[in-house]
Amino acid sequence: MTMNKKILLALLAGTLLQATPSYAKSVPLTPVTNVYVDDHPLQLAAPPLMLNGTTLVPMRQLFEAQGAVLSWNGPSKTVTATKSSTTLTYRIGEVTANLNGKMISLSVPGKIVEGNTMIPLRFVSEALGSTVKWDALTRTIRIGSKKEDFSTTILSGVNLRSKPDSSEASPSLRLIPTGEKVQVIREVNALWLEVRTKDNLTGYISAKPKYSDYSSPALAEQQGDELIAYGEKFLGTPYEFGAATGQTSTFDCSSFVGEVFRHTLSIDLPRASYDQAKEGREVGLDELRKGDLLFFSARGLEIGHVAIYAGDNKLLHTFSKERGVHFDTFDDKWKKRFVTARRMF
């Protein structure tokens with residue numbers, strides 16, 4: 001073979017390698033036959049991939065099988081997994097992750113392949129406190145998980161449902177009584193949790209705070225969004241001092257707040273703002289989040305007005321016959337009259 005032909009073949013080979021899709025390089029050279037978590041086979045939405053000696057598997061099944069509660073931000077492709085005192089935050093495609101506030105490195109980044117979000121099995125499992133063993137003879141990965149985390153207490157009897165839905169389309173599997181412990185598998189949305197009971201039933205319970213002591217920053221953010229979204233439906237509704245409860249054609253400040261909290265999260269608040277200010281726990285202005293209540297002096301009273309904090313330095317409230325329910329900026333005018341902020345969930 002002449003030197004020119006050798007050069008031509010080399011150039012063609014380089015072109016073919018560059019044209020090969022990145023996911024094609026992930027095809028396992030030593031295929032993983034099985035993945036077990038605590039001696040139970042892990043049912044995966046897509047086969048494991050091997051990339052540079054690292055096994056990647058679909059994200060959701062790996063997290064949930066090890067008892068982690070998963071929150072996914074689609075636009076930023078960021079996953080946050082919480083298990084007991086461990087919080088892992090990772091953005092797909094990056095080579096670092098945040099584990100309890102500390103940056104740690106991945107040997108191989110996660111990636112999205114044919115619609116499946118694939119993440120490194122060993123990295124995730126060990127970050128969650130599990131052990132990982134490779135059985136070369138059977139080509140099996142065995143994960144030892146500390147997933148028996150029945151730390152969430154039921155505060156008020158709640159139905160365990162087959163679907164995250166309270167309609168007849170989602171029958172109750174059984175009533176979980178007050179005091180029983182459950183394991184939260186994941187936050188479905190602002191209003192539903194997927195849980196496992198000690199008698200190994202898996203289903204859905206209401207995420208409203210009256211039913212369990214479970215909480216997380218991600219869930220609180222979603223519930224705050226729900227409160228504001230419901231409150232916005234009443235923008236422009238007329239103001240009436242002393243408005244009757246149980247109706248939504250008029251509001252005063254405290255009846256509006258009471259309606260929003262009762263309807264959205266089943267939180268029953270006292271009728272008057274000065275009594276509402278005794279509920280929940282006090283928070284500082286530097287830690288406000290959506291859904292916190294802000295109380296102000298008004299009408300010669302130390303506390304005579306209440307507003308819902310809507311995020312981004314905004315208030316959602318009512319006090320004016322001209323404007324009814326509306327948004328305001330939490331500016332110096334309001335800060336001069338500010339008394340306290342209370343967190344109800």
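## Strands S6 and S7 and their sheet

Strand S6 (residues 78-83) and strand S7 (residues 86-91) run antiparallel and are joined by 6 bridges. Thr 80 has Thr 89 in S7 as its bridge partner. Strands are DSSP runs of E with at least two residues, helices are runs of H or I with at least four, and both are numbered from the N terminus. Two strands count as paired if DSSP finds at least two bridges between them. The model is predicted: local features need pLDDT of at least 70 and side-chain atom pairs count only at pLDDT 80 or more, while totals for chains, interfaces and linings use all residues. Residues are numbered from 1 along each chain as its sequence is written, and side-chain values use heavy atoms, with hydrogens and water left out.

S6 and S7 belong to an open sheet of 5 strands with the order S5-S6-S7-S8-S9 and antiparallel pairing. Strand S5 (69-73) and strand S9 (102-105) each have a single partner strand, so one side of each is without a neighbour in the sheet. From one strand to the next the twist averages 20 degrees.

## Hairpin of S12 and S13

Strand S12 (residues 131-135) is joined to strand S13 (residues 140-144) by 5 bridges, and the two run antiparallel. Lys 133 has Arg 142 in S13 as its bridge partner. The hairpin has 4 residues between the strands, and Arg 139 takes a positive phi near 55 degrees.

## Nonpolar cores

The largest nonpolar core has 27 residues, and those with the most contacts inside it are Leu 62, Phe 63, Ile 119, Leu 121 and Ile 143. Two or more residues each come from strand S1 (34-37), helix H2 (59-65), S6, S7, strand S8 (96-99), helix H3 (121-127) and S13. Such a core is a set of buried Ala, Val, Leu, Ile, Met, Phe, Trp, Tyr and Cys residues joined through side-chain atoms within 4.5 Å. Buried means under 20% relative accessible area, exposed over 50%, and partly exposed in between, with a 1.4 Å probe and protein chains only.

Not counting residues up to four places away in sequence, Phe 63 touches residues including Ala 68, Leu 70, Val 79 and Ala 81; contact means heavy atoms within 4.5 Å.

An open sheet of 6 strands has the order S20-S25-S21-S22-S23-S24, with antiparallel pairing. Strand S20 (281-283) and strand S24 (326-329) are its edge strands, and each pairs on one side only. Strand S21 (residues 293-298) and strand S22 (residues 301-311) run antiparallel and are joined by 5 bridges. Ala 298 stands opposite Leu 301 in S22.

Helix H5 (residues 253-265) lies across S21, S22 and strand S23 (314-317), running at about 40 degrees to S22. Axes are lines fitted to C-alpha atoms, for helices over the stretch in contact, and angles run from 0 to 180 degrees between N-to-C directions.

Ser 212 is in the loop between strand S19 (202-206) and helix H4 (217-232). Ser 212 counts as buried because its relative accessibility is 4%. Residues up to four places away in sequence aside, Ser 212 touches Thr 152, Thr 153, Ile 154, Leu 155 and Leu 193.

Tyr 274 lies in helix H6 (residues 273-276) and is partly exposed, with a relative accessible area of 46%. Tyr 274 and Gly 304 are 30 residues apart in sequence and 6.5 Å apart in space, C-alpha to C-alpha.
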